[in-house]
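Here is a short briefing to read with the structure open beside you. Take the topics in any order you like.

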Amino acid sequence: MKPAQVVLASVLAGALLVGFPMKGPALPAVERVDRSSAPLLAGVDRAWWATIRSSIQSVNRFGWKVVGDQRNALFGWSVGTAGDVNGDGYDDAIVGAYQYSNGQTDEGRAFVYYGSASGLSLTANWTAEGDQANAYFGTSVGTAGDVNGDGFDDVIVGAPDYTIGQTGEGRAYVYLGGADGLSLTPVWTAEGDQTYGHFGGSVGTAGDVNGDGFDDIIVGSPYYDNGMCPMWAAPTCTTGRPPAHPSLRIGRLKAIRRLRHSAFRRGRPGT
Ligand SMILES: [Ca+2]
Ligand SMILES: [Ca+2]
Ligand SMILES: [Ca+2]
Ligand SMILES: [Ca+2]
């Protein structure tokens with residue numbers, strides 16, 4: 001089994017941050033890209049990706065690579081820029097491992113690596129955890145932009161299975177950047193307030209949507225049903241019917257995730 005990896009491949013004029021969250025047999029580097037990075041490639045032009053792939057093959061090395069230190073933590077499930085959280089002029093990177101366990105099983109963890117003149121740090125400069133079993137903190141990670149306008153970029157993390165009032169409602173967290181790095185506690189959190197709505201399944205910056213000089217954020221709640229039958233309860237569900245037994249729901253959710261990855265592996269990202 002290969003441990004999960006995250007790689008920053010410097011290719012062409014830009015850079016590509018790629019996660020390999022899935023365990024599996026050793027494969028050539030480029031093949032690992034094809035098999036497991038597809039969630040990051042949804043919407044990417046195929047010709048452009050072919051060029052990137054060719055460049056990786058020719059270079060046959062990555063500019064930066066870190067490897068998860070815990071089995072089945074799914075390190076690299078989510079990756080992205082963190083912006084410049086410490087204001088040193090170098091952008092930083094954020095990585096999620098949503099099944100990381102450190103006191104709580106599958107609570108999840110996010111890792112930020114600071115950039116520098118010599119590249120990204122090889123050890124995490126900042127981490128945060130879900131601190132609730134099965135919260136899946138780090139399923140989604142990203143820059144929040146600069147939500148408080150202090151010149152330091154901030155980060156946002158989703159924990160779509162967090163429960164605080166409603167089972168599996170989900171929660172999103174924003175941590176502030178600063179001269180000393182990211183804050184250890186979130187400055188902002190929000191919850192989905194709907195059972196199994198999985199708020200925080202996706203997170204990101206929305207830019208400054210109201211032009212007030214402060215960046216805004218956006219959070220997805222992919223199973224919010226708005227009174228309709230949730231996908232996992234079909235076909236027997238009718239509107240307003242209580243959700244199916246949690247074990248059934250979780251089983252179907254996992255099946256959906258597996259199907260999604262199968263589709264990606266078949267080269268049909270976004271389907
Ligand atoms: Ca920085
Ligand atoms: Ca913990
Ligand atoms: Ca800020
Ligand atoms: Ca704003």
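**Briefing on the predicted model**

With 14 C-beta neighbours inside 10 Å, Tyr90 counts as partly exposed. Tyr90 belongs to the loop that links E4 to strand E5 (92-97). Please keep in mind that this is a predicted model. The chain holds three helices and 13 strands, and 39% of its 271 residues count as buried.

**Confidence in the model**

- The chain has a mean pLDDT of 80, with 64% of its residues at 70 or more.
- Residues 9-14 have a pLDDT below 50, and the model gives this stretch 12 contacts beyond near neighbours in sequence.
- Another stretch, residues 267-271, also stays under 50 in pLDDT; here the model has eight contacts beyond four places in sequence.
- A word of care for such stretches: where pLDDT is low, the predicted coordinates should not be read in detail.

**Contacts along the chain**

- If you take the contacts between residues at least 6 apart in sequence, 56% of them join residues that are at least 24 apart.

**The four-stranded sheet**

- Four strands make up an open sheet, and their order is E4-E5-E6-E7 with antiparallel pairing.
- Strand E4 (75-83) and strand E7 (126-129) are the edge strands, each pairing on one side only.
- On average, neighbouring strands of this sheet are turned by 20° against each other, direction ignored.
- Strand E6 (residues 109-113) runs antiparallel to E7, and four bridges join the two.
- To find your way between these two strands, look for Phe111, which stands opposite Thr127 in E7.

- Which residues does Tyr90 touch, leaving aside its neighbours within four places in sequence? The contacts are Asp84, Gly115 and Ser116.
- Tyr90 and Gly119 are 29 residues apart along the chain, and 8.6 Å separates their C-alpha atoms.

- Asp131 sits in the loop between E7 and strand E8 (140-145).
- Asp131 is partly exposed because 15 other C-beta atoms lie within 10 Å, which falls between the cut-offs of 12 or fewer for exposed and 20 or more for buried.
- Beyond its neighbours within four places in sequence, Asp131 is in contact with Gln104 and Glu107.

- As background, most residues other than glycine have a negative phi.
- Asn72 is not a glycine, yet its phi is positive, at about 60°.
- You will find Asn72 in the loop between strand E3 (64-67) and E4. Asn72 counts as partly exposed, since it has 15 C-beta neighbours inside 10 Å.
- Tyr196 likewise has a positive phi of about 60° without being a glycine.
- Tyr196 lies in the loop between strand E11 (188-191) and strand E12 (202-207).
- Is Tyr196 buried or exposed? Tyr196 counts as buried, because it has 26 C-beta neighbours inside 10 Å and the cut-off is 20 or more.

**Gly192, in the loop between E11 and E12**

- Gly192 is found in the loop between E11 and E12, and the loop between these strands also holds Tyr196.
- Gly192 counts as buried, with 25 C-beta neighbours inside 10 Å.
- Leaving aside neighbours within four places in sequence, Gly192 has contacts that include Glu169, Gly170 and Gly197. His198, Phe199, Ser221 and Tyr224 are also among the contacts of Gly192.
- Gly192 and Pro160 are 32 residues apart along the chain, and their C-alpha atoms are separated by 8.7 Å.

**Ser202, in strand E12**

- Ser202 belongs to strand E12.
- With 18 other C-beta atoms within 10 Å, Ser202 is partly exposed.
- What is Ser202 in contact with, apart from its neighbours within four places in sequence? The partners are Ser140, Gly158 and Gly220.
- From Ser202 to Ile218, 16 residues apart along the chain, the C-alpha separation is 8.3 Å.

Notes. Residues are numbered from 1 along each chain as its sequence is written. Chains are lettered from A and ligands numbered from 1 in the order in which they are written. This is a predicted model: local features need pLDDT of at least 70, side-chain atom pairs count only at pLDDT 80 or more; totals for chains, interfaces and linings use all residues. Two strands pair if DSSP finds at least two bridges between them. Axes are lines fitted to C-alpha atoms, for helices over the stretch in contact, and angles run from 0 to 180 degrees between N-to-C directions. pLDDT is the predictor's confidence in each residue, from 0 to 100. Two residues are in contact if their C-beta atoms, placed from the backbone, lie within 7 Å.
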